[in-house]
Amino acid sequence: MSKTRKRLFIKTYGCQMNVYDSERMKDVLTPLGYESADTPEGADLVILNTCHIREKAAEKVYSELGRLRPLKDEKASAGGMTIAVAGCVAQAEGAEIMRRAPVVDLVVGPQTYHKLPELIAQAHRAKGETLDTEFEVEDKFDRLGSDRQVEGYSAFVTVQEGCDKFCTFCVVPYTRGAEWSRPVDQIIAEIRALAAKGIREVTLLGQNVNAFHGAPPSGREADGAWGLGQLVRHIALIGGIERIRFTTSHPRDMDEDLIQAFADTPKLMPYFHLPVQSGSDKILKSMNRQHVAADYLATIARLREVRPDIAISGDMIVGFPGETDADFEATMELVRQVNYASCFSFKYSKRPGTPGAAMFNQIDEGVKSERLAALQALLDGQQVAFNESMIGRTLPVLFEKPGRLDGQLHGRSPYLQSVHVDGPAELIGQIAGVEIETASRNALSGRLVGTKRSAA
């Protein structure tokens, strides 16, 4: 295999799992001699790692491909450029991408990017039009191995993929496949390797991460499949790992063991993302969420019972087909009861092929916009109030990098807030106490009060 140095540019769209996938693409291409490029202009291989969640996701990819076409033409006489489309749009569009965008050499789904070396060679031999969107989850992680190129002190680790829930607004079951969990031994090997490279915080990823049911560690086969709570406790034993997070969870998959993990595992951060999407039981049923608002609120109450300092974040969709003013008010009331630390909120938009796209009673865009503005005003106020409640408290902050100003450091609180403080560069990669003095919607700032390392 040639080790001639080549340049790789990956543009990543969407969720944290795509960030993880892009990092692993770099890992599998490094043995071929690829080094990172800062821009497409300096690259021999450009990969668009796409997301299909947002509105008009496919059209945005085609627009980007249109911008890349002149660049590829310019490079044709100087070694050329290979263009690949990966991720969920690749899975959903498949051969249509090849048809609409001849500039593309390779289309690869999220379950087959581990085969990029072979697929790139095939594309070069075939002069383009190489497509692989099969579902080969187990083979993917076996081939990827545990060694990763990492920067900084926090890392994502995929532990679960796919979705069996089939919410009527969502394309994930069609682009990521059925729910599947990695074996515990495989996950632990990856995290131990990360810890050896200086990683101090890991975020466990999954489309439905709390549906995790991985094969138990070697020698403990009698345990049967492990749940996420067991996995979190096991990861907490790894030396060097001081903080654990996970996302994204589904209310239907919350169990008591995972809730108890927040109580008995100090390294599990007291910040939990649990999407609800609507506060109306009628809309939740139409969305096929398989829970009601009371179930969600009971889970939040139980989490706060076992971990009083826990902060909750979530996701909301307004304007789902059939949503009345009363349904929207039910959402607003749920938000008032939960009192979120942060929350993502969106207007419903059709996804081709999903049941929601064919439903009657689609909501007018103007009504959606009005409802979203009202919801976001409430959520923004809650987020500001939560951040301001930190003033006067001393929080353990994991410092990740220098801040924008001279002598400034940037870090994260246990609640995932950005924290800025003046301090020595030697603290980067460590956890230190910061007394919070000011707060805004997006960040906290304060002063150092100590450098004692802490897991929480």
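**Exercise 1.** Is Phe-166 buried, partly exposed or exposed?

*Solution.* Keep in mind that this is a predicted model. Begin with the location: Phe-166 sits in the loop between β8 (160-161) and α7 (172-176). Next, take its relative accessible area, which is 39%. Buried would need a value under 20%, and exposed a value over 50%. Phe-166 is therefore partly exposed.

**Exercise 2.** Look at the backbone of Phe-166 and Leu-416, and work out what stands out about phi in each.

*Solution.* Start from the general rule: most residues other than glycine have a negative phi. Now check Phe-166, which is not a glycine and has a positive phi of about 55°. Then turn to Leu-416, where phi is positive too, near 70°. Leu-416 belongs to the loop between β16 (408-412) and β17, and with a relative accessible area of 36% it is partly exposed.

**Exercise 3.** Find which kind of peptide bond joins Thr-247 and Thr-248.

*Solution.* Read omega for this bond: the value is about 0°, and the bond is cis. In general, most peptide bonds are trans. To place the spot, note that Thr-248 is in the loop between β11 (243-247) and α10 (256-264).

Note on methods:
Residues numbered from 1 in each chain as written. Predicted model: local features only at pLDDT ≥ 70, side-chain atom pairs only at ≥ 80, totals over all residues. Heavy atoms only, no water. Helix = DSSP H or I, 4+ residues; strand = E, 2+ residues; numbered from the N terminus. Buried < 20%, exposed > 50% of the residue type's maximum accessible area, 1.4 Å probe, protein only.
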